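Here's a walk through the fold, starting with its contacts and then moving on to a few residues worth a look. Keep the viewer open as you read.

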Amino acid sequence: LARAQRVAARHGATVAQIALAFLFASALDAYAVVTTSNPARMQDNIDALKIDLTQTEVDYMDLRSDVL
């Protein structure tokens, strides 16, 4: 959680947005299924698509590196 919080602070994003951005940026065959009854939260989820994590950030989030 602390790593996601650090990356979120760098991007001015929420931890949830960083978690989604990480899924989108990772090489995993994983798909985010997102649902909410709150339109503002759905917009936050959509905005996560606009977050471009660097490879350094992806490695940091994936615990492959301690350097951010």
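## Contacts along the chain

Take the contacts in the chain with a separation of 6 or more: residues 24 or more positions apart account for 59% of them. Keep in mind that this is a predicted model.

## Overall fold

What is the chain built from? It has four helices and zero strands, and from the N terminus on the order reads α-α-α-α. The radius of gyration is 12 Å, close to the 11 Å that the globule rule gives for 68 residues, so the chain is as compact as a globular protein of that length.

## Surface and charge

Of the 68 residues in the chain, 28% are buried. The chain exposes about 4,700 Å², and carbon and sulfur atoms supply 53% of that area.

As for charge, there are 6 positive and 8 negative side chains. The centres of those two sets lie 6 Å apart.

## The nonpolar core

How many residues make up the largest nonpolar core? It has twelve: Ala4, Val7, Ala8, Ala13, Ile18, Ala21, Phe22, Ile51, Leu53, Val58, Tyr60 and Met61. Helix 1, helix 2 and helix 4 each supply at least two residues of this core. As a general background point, nonpolar side chains tend to be buried together in soluble globular proteins.

## Helix 2 from the inside

Helix 2 covers residues 15-25, and its buried residues are Gln17, Ile18, Leu20, Ala21 and Phe22. Which elements do the buried residues of helix 2 pack against? Their partners are helix 1 (2-11), helix 3 and helix 4.

Isoleucine 18 belongs to helix 2, and with a relative accessible area of 0% it counts as buried, because the cut-off for that is under 20%. Leaving out residues up to four places away in sequence, isoleucine 18 touches Ala4, Val7, Ala8, His11, Ala13, Ile51, Leu53 and Met61. Isoleucine 18 and alanine 2 are 16 residues apart in sequence, with 12 Å between their C-alpha atoms.

## Two alanines in helix 2

Alanine 21 is also found in helix 2. Is alanine 21 buried or exposed? It is buried, with a relative accessible area of 1%. Setting aside neighbours within four places in sequence, alanine 21 is in contact with Ala48, Ile51 and Leu53.

Across space, alanine 19 and alanine 32 are 9.7 Å apart, C-alpha to C-alpha, while in sequence they are 13 residues apart.

Next stop, helix 3 (residues 39-47), where you'll find asparagine 45. What is the relative accessible area of asparagine 45? The value is 17%, which makes asparagine 45 buried, because buried means under 20%. Not counting residues up to four places away in sequence, asparagine 45 touches Leu20 and Val34. Leu20 is one of the buried residues of helix 2.

Now look at threonine 35, in the loop between helix 2 and helix 3. Threonine 35 is exposed, with a relative accessible area of 71%. The C-alpha atoms of threonine 35 and asparagine 45 are separated by 9.1 Å, with the two residues ten apart along the chain.

To finish, head past helix 4 (55-61): leucine 63 lies in the segment after it. Leucine 63 has a positive phi of about 65 degrees, although it is not a glycine. Is leucine 63 buried or exposed? Leucine 63 is exposed, with a relative accessible area of 62%.

Terms used: Residues numbered from 1 in each chain as written. Predicted model: local features only at pLDDT ≥ 70, side-chain atom pairs only at ≥ 80, totals over all residues. Heavy atoms only, no water. Rg over C-alpha atoms; globule rule 2.2 N^0.38 Å. Buried < 20%, exposed > 50% of the residue type's maximum accessible area, 1.4 Å probe, protein only. Contact = heavy atoms within 4.5 Å. Areas by Shrake-Rupley, 256 points an atom, 1.4 Å probe, with all protein chains shown as cover. Lys, Arg positive; Asp, Glu negative; His and termini not counted. Charge placed at Lys NZ, Arg CZ, Asp CG, Glu CD. Core = buried A, V, L, I, M, F, W, Y, C linked by side-chain atoms within 4.5 Å.
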